[in-house]
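This briefing concerns a single structure and is arranged by topic. Please consult the sequence and the model shown below.

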Amino acid sequence: MPLFGKPSFKASRKVPKRRADAGSSNTIQLSDKDTLDPNLDFSQIPLQLSLGGRKMMFQNGSWISRDAGSESSLQESDEATALKEKILILEEERNLLKYKIELLLDMLAVSQSDLTYMEQEICQLKKTKN
């Protein structure tokens with residue numbers, strides 16, 4: 001019995017070509033709407049989506065809320081712009097307060113250094129007096 005017998009796998013073996021319809025590749029073109037369902041009319045049925053109790057509809061290139069009509073989407077956009085403006089105002093106020101805190105810390109450091117200098121000067125005057 002030979003140690004190295006005939007190999008059961010030949011490397012020079014050619015792999016057969018796959019058929020076009022074999023495997024998981026989808027041969028139906030999704031852009032061809034009639035192949036999906038000929039009864040569907042996409043011109044009259046807009047794309048709708050429901051997530052977390054909110055219904056949205058895709059019209060004219062944007063998503064519109066359909067919970068209480070198109071007025072709610074306008075109100076939401078107005079509310080969003082108002083909140084963005086409020087965020088900008090609060091960020092400006094926060095930056096001003098940060099600047100004031102830095103200025104107060106600088107003033108405190110200067111006054112502390114002045115105080116230590118005066119205390120050292122008083123100690124030297126007392127030593128010279130004695």
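Which residues make the nonpolar surface patch of about 490 Å²? Leu47, Leu49, Leu51, Phe58 and Trp63 make this patch. The model is predicted: local features need pLDDT of at least 70, side-chain atom pairs count only at pLDDT 80 or more, and totals for chains, interfaces and linings use all residues. Residues are numbered from 1 along each chain as its sequence is written, and side-chain values use heavy atoms, with hydrogens and water left out.

**Nonpolar patch**

- Strand β1 (residues 47-51) contributes the largest share of the patch, 3 residues.
- Patch members have over 30% relative accessible area and no salt bridge; like charges are joined within 9 Å, and nonpolar side chains (Val, Leu, Ile, Met, Phe, Trp, Tyr) within 5 Å.
- A salt bridge is a side-chain nitrogen of Lys or Arg within 4 Å of a carboxyl oxygen of Asp or Glu.
- Accessible areas follow the Shrake-Rupley method with a 1.4 Å probe, and for residues only the protein chains shown count as cover.

**Exposure of β1**

- Leu47 lies in strand β1 and is exposed, with a relative accessible area of 52%.
- Strand β1 is hardly covered, as the count of buried residues among its 5 residues is 0.
- Buried denotes under 20% relative accessible area, exposed over 50%, and partly exposed the range in between (1.4 Å probe, protein chains only).

**Sheet architecture**

- An open sheet is formed by 3 strands in the order β1-β2-β3, with antiparallel pairing.
- Strands β1 and β3 (62-65) stand at the edges, each with a single partner strand, so one side of each is left without a neighbour in the sheet.
- From one strand to the next, the twist averages 30°; axes are lines fitted to C-alpha atoms, for helices over the stretch in contact, and angles run from 0 to 180 degrees between N-to-C directions.
- Strands (E, at least two residues) and helices (H or I, at least four) are DSSP runs numbered from the N terminus, and two strands pair if DSSP finds at least two bridges between them.

**Pairing of β1 with β2**

- Strands β1 and β2 (residues 54-59) run antiparallel and are joined by 5 bridges.
- Within β2, Lys55 is the bridge partner of Ser50, Arg54 that of Leu51, and Met56 stands opposite Leu49.
- The hairpin of β1 and β2 has 2 residues between the strands, and Gly52 takes a positive phi near 60°.

**Pairing of β2 with β3**

- Strands β2 and β3 pair in the antiparallel sense over 4 bridges.
- Met56 has Ser65 in β3 as its bridge partner.
- The hairpin of β2 and β3 has 2 residues between them, and Asn60 in the turn has a positive phi of about 55°.
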